Amino acid sequence: MMEQLEDNLYLKQYVRNHPDNKMAWYLLGKQYLQLDKTAKANYCFIQAGEIYEAFERKPHPLAESPQEMLEEWNRQQRKKRTIRRAIMGAISLVLLLMVMPSNASQLADLAAAEANAIIDAPIDPTFGVVLTDKGERNPIGSAWEELLSWSKRPSEAAVVKLEEQEGWRKWTGNRKLLMSVEQQSDYVPMEVKMLDGGVCSCKPTDASTVKTKFMAWSEQQEVRWTLASAIYQYKRMNEKWPEKLDDLIKPYPNNVLAGDASGMKEMFKPLVAAMKTDQSGTKPPAQQQKDEGEKPQTDSSQRQSKFLQSNSDQLAGGVDETWRKPLEIVVDKSTHRLAVVSGDIIVRSFKVGLGGDKTPEGSFYISEKVKNPNGRDNGQFGSRGMTLSSTLYAIHGTDEPDSLGQDESLGCIRMGKQDVEELFDLVPMGTVVKIKNGTLPSEISESKERFKLNPSQDETNPGKVYHWLG
C-alpha cells in the first residue's frame, strides 16, 4: 500500500508538470482504481482519451456523457473540502487543549486563519477564456486540453464558442458560453459547470454570473489587442521596443496610438515583457508591405503566428494562439466591407464606399494617421484619415454618406463618421491593410459599444492640404 501511495504521488506530480501526457493520465487512473477512488480514476481516464481506448480496447463509458462525470467529480470535491475543514478544526482543538487557557483565544484565531489560508489560497485571481477553434466538433474535449496545459491557471475560466460565418469567427456575433471551471486553491480540484445543454445533453447551470465576467474580459481584450498591436508595430517601425506607454501616444506624425484606455497602463509592461521573448517578424512596414505583396495570405499568417505566443498568462488568460495576432484590416471590394481581423476572427466590420477598378488590390499599411484632414470634421475627407503606404490612397471619412456601399470614389476607401473614428482608435499606425475581392461576409458585424480611446495629443496636421483620390 505504501508503494502504491508513493507511485500515486509521483504520477500526480508528473501530470501536473506534463498535462499533455495522456499515458501518464492513464497510469494515474489505474493507480486511483487500485485505491478504490473511482471518481478520480474516471477523470484521469477521460483525460487519457485515445490511450485509454487503445489499452482497454473500448471507449470510456463516460466519454459520451461528460456531465455525469463532472457531477460526480464536483461531489467528490465538495466532500474533500468538508473533510479538510473538519481535519483542520480537529487540529485546532487539539492544539487548544495543549496550551495555557490565556493563549487559547489567540491560538484559535491563528489556527482558523491557517486553515483558511490552506483551503482558500488563490492560484491566480484572474478570469481566463478559451475560445473554441473554428469548426470544432468536440469543443469540451479540446477545451479540457487547453485548460490543463496552462502553466498558471486562473481562478476561473470560461469556454466560449463564437458565431461562425463563411470561414470566419465573429467577435461581435452570437457567443455561446459552454463551460466554466473554478479552482480557488491548489488544494481543491477544479469545479466544472456546464453552461450549454447542447454540449452535454443536460440541464445547464445558470450562466449569468459567468457572462458578466466574460463581457468585462471582452472589453479588456479589445484594449489588449490594440495595445499589443501598437507595441508590435512600434517595434517594426523603430527597431526598438517602447519603454513607456507615452512612446506610443504622441502628437502627429508619431501618433502610433490615438490615446489610452482603462487598464492600458497596467497592461503595458507585461505585454512588452512577453513580446520581447519573440524577436521574429520585426521588419519595418515598408519591407513588410513588399513581402506580403509577394506572398499569399497563409505565409503572412504563419510569419505573424508567433505574435504573443509566449507568457500567455500575462496576456489574455488563455492560450489560443490562432486569435492572439496583430490586428489587420481586410477590405472586400465585392461586398463593400472593411473588417478589422485577428487571425480568423472578425473584430469589427463596416460598410464602405469604394472606387470599383480604381481601388487597387494588394497589401498596404497605414503610414499616416490624421484627424480632421480638411481642417474640420465635416469636410470632403471627414473627421479621420489614414494614408495607405505613403500613396494618394487612404481610408477616410466622407461628406457623401449615400456613397457608402457604392463604387463612387476615385480609389479611396470611404467610411461613415462613427465608423472611421472607431477604426482610427482601434488600429495603430503600421497596421497591414489587405484589399481583396471576395473574402468577407456581406453581413455587418456591429458592436453594441464603440471602441474608443481617450485622446491626449494633437493629431491634426493643419500645415498640409490633402489630395487623396477621394
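The notes start with the whole model and then go through its parts.

1. **Overall make-up.** This is a predicted model. The protein has 13 helices and 12 strands. Of its 470 residues, 49% are buried. The accessible surface is about 22,700 Å². Carbon and sulfur atoms hold 49% of that surface. Take the contacts with a separation of 6 or more: 66% of them link residues 24 or more positions apart.

2. **Cysteines.** The structure contains zero disulfides. Cys44 has a relative accessible area of 2%, so it is buried, given the cut-off of under 20%. Cys412 is at 0% relative accessibility and therefore also counts as buried.

3. **Helix H3.** H3 covers residues 38–48 and is mostly covered, with nine of its 11 residues buried. Cys44 is one of these nine. Look just past the end of H3 for Gly49, where phi is positive, at about 55 degrees.

4. **H2 against H3.** Two packed helices are described by the angle between their axes and the distance between the axes. Helix H2 (residues 22–34) packs on H3 at about 160 degrees, and the axes are 8 Å apart. Angles over 145 count as roughly antiparallel, so H2 and H3 fall in that class. The crossing of H2 and H3 is left-handed. From H2, the contact uses Lys22, Trp25, Tyr26, Leu28, Gly29, Lys30, Tyr32 and Leu33. From H3 come Lys40, Ala41, Tyr43, Cys44, Phe45, Gln47 and Ala48.

5. **His336.** The opening question can now be answered: His336 sits in the loop between strand S5 (328–332) and strand S6 (337–342). Its phi is near 55 degrees, a positive value in a residue other than glycine. Why does that deserve a look? Most residues other than glycine have a negative phi, and most peptide bonds are trans. His336 counts as buried because its relative accessibility is 11%.

6. **Asn372.** Here is another residue other than glycine with a positive phi, near 45 degrees. Asn372 belongs to the loop between strand S8 (362–371) and strand S9 (384–388). At 25% relative accessibility, Asn372 is partly exposed. His336, by contrast, is buried.

7. **H8 against H9.** Helix H8 spans residues 208–238 and helix H9 spans residues 264–275. Their axes come within 10 Å and cross at roughly 50 degrees. H8 and H9 are therefore oblique to each other. Their crossing is right-handed. H8 brings Gln220, Val223, Arg224, Leu227, Ala228, Ile231 and Tyr232 to the contact. H9 brings Met264, Met267, Phe268, Leu271, Val272 and Met275. An α-helix has 3.6 residues a turn, so residues three or four places apart point the same way.

8. **Between H8 and H9.** The loop between these two helices contains Pro253. Tyr252 and Pro253 are joined by a cis peptide bond, with omega about 10 degrees.

Definitions and conventions. Residues are numbered from 1 along each chain as its sequence is written. This is a predicted model: local features need pLDDT of at least 70, side-chain atom pairs count only at pLDDT 80 or more; totals for chains, interfaces and linings use all residues. Side-chain values use heavy atoms; hydrogens and water are left out. A disulfide is a pair of cysteine sulfur atoms within 2.5 Å. Buried means under 20% relative accessible area, exposed over 50%, partly exposed in between (1.4 Å probe, protein chains only). Helices (H or I, at least four residues) and strands (E, at least two) are DSSP runs, numbered from the N terminus. Contact means heavy atoms within 4.5 Å. Accessible areas come from the Shrake-Rupley method with a 1.4 Å probe; for residues, only the protein chains shown count as cover. Axes are lines fitted to C-alpha atoms, for helices over the stretch in contact, and angles run from 0 to 180 degrees between N-to-C directions. Angles under 35 degrees count as roughly parallel, over 145 as roughly antiparallel, 65 to 115 as roughly perpendicular and the rest as oblique. A crossing is left-handed if the near helix is turned anticlockwise from the far one by less than a right angle, and right-handed if clockwise.
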